[in-house]
Structures are given as structure tokens and as C-alpha cells.
Amino acid sequence: MPLLARMLPAPLTMSVRRGAVAQLGALLADSRVATSGRVAVAVGPGQGDHIEGLIAPTLGEAEVFRVADGSVDAAVSLGADLRKGAYEVVVGVGGGRTIDATKYAASLAGIPMVAVATNLSHDGICSPTASLVYEGGKGTFGVPMPLAILVDLDFVQSAPRVLVRAGIGDVVSNLSAIEDWQLGNVEHGEPIDGLACSMARTAAEALIGRADSIESDAFLIVLAEALILSGMSMVIAGSSRPASGGDHEILHAVDQLFPGTSNHGELAGIGAAFCFSLRQDTARLAQVTDCLRRHGLPVVPADIGLTSAQFAEAVALAPSTRPGRYTILEHLDMGDTEIRDRVEDYVRAVGR
Ligand SMILES: [Zn+2]
């Protein structure tokens with residue numbers, strides 16, 4: 001009997017718990033991530049001192065680097081420091097920006113990276129991509145997946161609420177992204193990966209109906225796991241397809257046209273709800289908008305300070321942000337007037 005299976009890359013350790021940062025040294029040693037070599041720790045500008053104080057007792061030997069921001073420049077500069085110091089591993093501790101910059105720096109230095117997330121704003125914790133700012137725009141760069149993933153719930157509980165809630169929008173948008181992938185499969189024979197779909201979808205389904213929210217540790221654990229599963233689904237798919245469809249095209253277009261409007265997860269949530277409205281899937285639309293509202297996330301353009309006309313402009317630009325990706329937006333191929341009408345329909349249907 002043939003014993004054929006594909007081997008999946010996966011982090012050595014995944015742990016969602018309180019006190020993860022304080023126990024970093026023990027976790028690194030236990031998981032054999034760092035055994036004898038030098039460890040570098042990269043922290044963001046905000047909580048650097050606090051984090052340095054917490055890790056000092058167990059990681060005294062580690063060198064701490066400050067990552068100025070989530071830019072390519074900051075990542076390249078950290079990468080050069082890491083190469084010079086001949087480190088065995090770099091640990092990125094912080095939010096999305098610090099982790100993404102550290103991921104990219106680690107890939108430049110050719111060393112493994114451990115991600116320690118202190119908020120849950122998007123599914124980049126475990127993804128094989130780094131989203132970094134360069135020349136005023138934002139680019140997505142392919143990088144190796146982190147070797148280990150830790151989420152510290154003490155930090156998450158004290159992170160700005162808006163950054164923790166945002167991750168819910170990013171996870172829920174998987175449901176729309178998977179529909180887009182299936183559409184690409186049916187319409188153009190695009191290969192689809194059932195395992196990647198099941199991971200991305202299960203992550204969203206685990207979260208969407210929950211009555212509790214980010215005040216509860218039980219909810220945060222599911223949210224963290226869902227974000228990590230989403231990241232893993234992208235690793236398995238070899239692209240962001242299972243977690244990024246028309247919803248993320250709209251997100252990127254809003255970022256381009258109206259920078260600073262809102263964060264990644266909030267925009268992904270609105271984009272997903274709007275895509276379900278385009279598909280005239282009223283059941284899913286209601287489920288998604290109920291979920292977004294329950295957690296205090298924006299639903300209509302006005303919630304993020306955009307007019308319907310501005311949002312329509314973003315929808316029109318959206319397909320060009322991801323050339324070659326077939327989604328409900330490319331499928332409907334709407335003209336400007338139709339887009340405006342569909343945005344108005346959406347606002348009428350789901351507006352308060
Ligand atoms: Zn996303």
C-alpha cells in the first residue's frame with residue numbers, strides 16, 4: 001500500500017498563554033529553538049523597556065534591538081545587525097509591525113525567527129509574508145514562517161482594544177476569501193487546496209458565532225488560534241488565497257486612496273461583508289455583520305469616516321491592487337454606476 005502524504009511546514013511550538021514573554025528563556029530552551037547560540041530580541045518602540053525588563057531574568061545574555069517602525073528600512077537595518085552579530089535566532093516581540101519587520105530581517109540574515117505576539121490585530125502572526133511600508137506605500141514580502149509562535153495574553157489584555165478587536169475582522173474575512181477561491185476554481189479551473197480552505201474556514205467558523213468577546217481569555221485564545229490557523233492555511237496554500245479575496249482587494253484600495261482610514265482587520269471585515277452583499281448571500285451577510293457589530297467593529301463606510309462615494313471609488317480600484325486574483329469583484333466586473341448602486345444597496349441593507 002503506498003504511504004504517500006505531503007509534509008507540512010509547521011512551527012515547532014505554538015503557545016497562547018499569560019506570562020509568555022516572562023518565560024521566553026525557558027520556552028526557547030525547552031523547545032530547543034535556541035540551545036547554545038546567541039539570541040537577539042527585537043522589540044517595538046512603545047513597550048521596549050517593559051519587555052526588556054521582563055525577559056532579562058531568563059534571557060540575560062540576549063541582545064535587545066529596537067525596531068523603529070514597520071518599514072523596509074527598519075527591517076533591513078535590523079537584518080544587517082543580525083548578520084553582523086552571528087545570532088542563532090531572533091525573537092520578535094510586539095504587534096504586527098514589529099513582528100513583520102523582524103520576520104523580514106530574519107530572512108535577510110538567514111536565521112530563524114520566533115514570533116511573540118502582544119496583540120491580535122491580524123493574521124500575520126504566523127503567515128509566510130511580511131507587510132512593510134516602503135516609499136510611502138505598503139508591500140507584501142514572502143518570508144519563512146516563524147519557527148515558534150507565542151501569544152502573551154497579559155499583553156493582549158492590556159493592548160489597545162481596537163487592535164485586539166481588529167483580528168476578528170481579519171479572521172471572518174476568510175469566509176469571503178474562500179468563496180472567491182472557489183469561484184476562481186469553478187470559472188477558471190484555478191487549483192484549490194481543500195486542506196488550506198478547511199483550516200481558514202474552521203478558524204472563522206470557530207469565532208463567528210461566539211457570544212463572548214475580547215474581555216474573556218477564552219475568547220482571546222480562540223481568536224489567537226484562529227489567526228494562527230489562518231496563517232498556517234496560507235503556508236499550506238503557498239499564497240494568501242485562503243485568507244485574502246475581494247475583501248482584501250478593497251482593503252488595499254482604501255489604504256491606497258485614503259491612507260490612515262482604518263486598520264487592516266477592520267477594513268477586511270467591512271470588505272468581507274460588502275462582498276457577501278455582492279453575492280446576495282443574505283444569510284452569510286447577516287451572520288458577518290452581526291459578528292462585526294457584536295464586537296464593536298465598523299460595518300458601513302461611515303463607521304470608518306468614508307462616504308459611500310469614497311468607498312465605491314475604493315471598490316472600483318480594488319481589482320488592480322491584486323492583479324491575477326479572481327474574486328467576486330472581477331467576476332461581476334461592475335462599472336462605476338453599478339458599483340455606486342451596490343454600495344448604496346449595502347448601506348441601506350445593513351446600516352443602522
Ligand atoms: Zn488579512
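**Starting point**

Which helix holds His 264? The answer is H10, which covers residues 264-278; helices here are DSSP runs of H or I with at least four residues, strands are E runs of at least two, and both are numbered from the N terminus.

Before going further, a word on the model: it is predicted, so to speak of local features a pLDDT of at least 70 is needed, side-chain atom pairs count only at pLDDT 80 or more, and totals for chains, interfaces and linings use all residues. Residues are numbered from 1 along each chain as its sequence is written, and side-chain values use heavy atoms, with hydrogens and water left out.

**The chain as a whole**

Counting secondary structure gives 14 helices and eight strands. The radius of gyration is 20 Å, close to the 20 Å that the globule rule gives for 352 residues, so the chain is as compact as a globular protein of that length. That radius is taken over C-alpha atoms, and the rule is 2.2 Å times the number of residues to the power 0.38. The C-alpha trace spans about 60 × 55 × 40 Å along its principal axes.

Of the 352 residues, 55% count as buried; buried means under 20% relative accessible area, exposed means over 50%, and partly exposed lies in between (1.4 Å probe, protein chains only). Among contacts between residues at least 6 apart in sequence, 74% join residues at least 24 apart, where contact means heavy atoms within 4.5 Å.

As for charge, there are 26 positive and 40 negative side chains, and the centres of the two sets lie 3 Å apart. Lys and Arg count as positive, Asp and Glu as negative, while His and the chain ends are not counted. Each charge is placed at NZ of Lys, CZ of Arg, CG of Asp or CD of Glu.

**The annotated binding site**

An unreviewed UniProt entry carries the annotation "binding site" on Asp 123, Asp 170, His 248 and His 264. These residues span 142 residues in sequence, yet no two of their C-alpha atoms are more than 12.4 Å apart, so they gather at one spot. UniProt positions follow the numbering used here, feature names are shortened, and annotations may be inferred rather than shown by experiment.

Let us look at two of these residues. Asp 123 sits in the loop between strand S5 (113-117) and strand S6 (129-134), and it counts as buried at 7% relative accessibility. Leaving out residues up to four places away in sequence, Asp 123 touches Asp 170, Asn 174, Leu 227, Ser 230, Gly 231, Met 234 and Ala 243. His 264, back in H10, is partly exposed, with a relative accessible area of 27%.

Ala 20 belongs to the loop between strand S1 (13-17) and helix H1 (24-30), and at 0% relative accessibility it is buried. Beyond residues up to four places away in sequence, Ala 20 touches Leu 27, Leu 150, Val 151 and Asp 152. Its C-alpha atom is separated by 9.8 Å from that of Ile 55, 35 residues apart along the chain. Ala 224, in helix H8 (residues 217-237), is also buried, with a relative accessible area of 0%. Neighbours within four places aside, Ala 224 is in contact with Val 16, Leu 120 and Val 151.

Ala 159 occupies the loop between helix H5 (153-158) and helix H6 (161-188), and counts as buried at 11% relative accessibility. Setting aside neighbours within four places in sequence, Ala 159 is in contact with Thr 118, Asn 119 and Val 164. Ala 159 and Thr 118 are 41 residues apart in sequence and 7.2 Å apart in space, C-alpha to C-alpha.

**Two positive phi angles**

Gln 280 has phi near 55°, a positive value in a residue other than glycine. Gln 280 is placed in the loop between H10 and helix H11 (282-294) and is exposed, with a relative accessible area of 65%.

Asp 333, not a glycine either, has a positive phi of about 45°. Its loop lies between helix H13 (328-332) and helix H14 (336-350), and Asp 333 is exposed at a relative accessible area of 64%.
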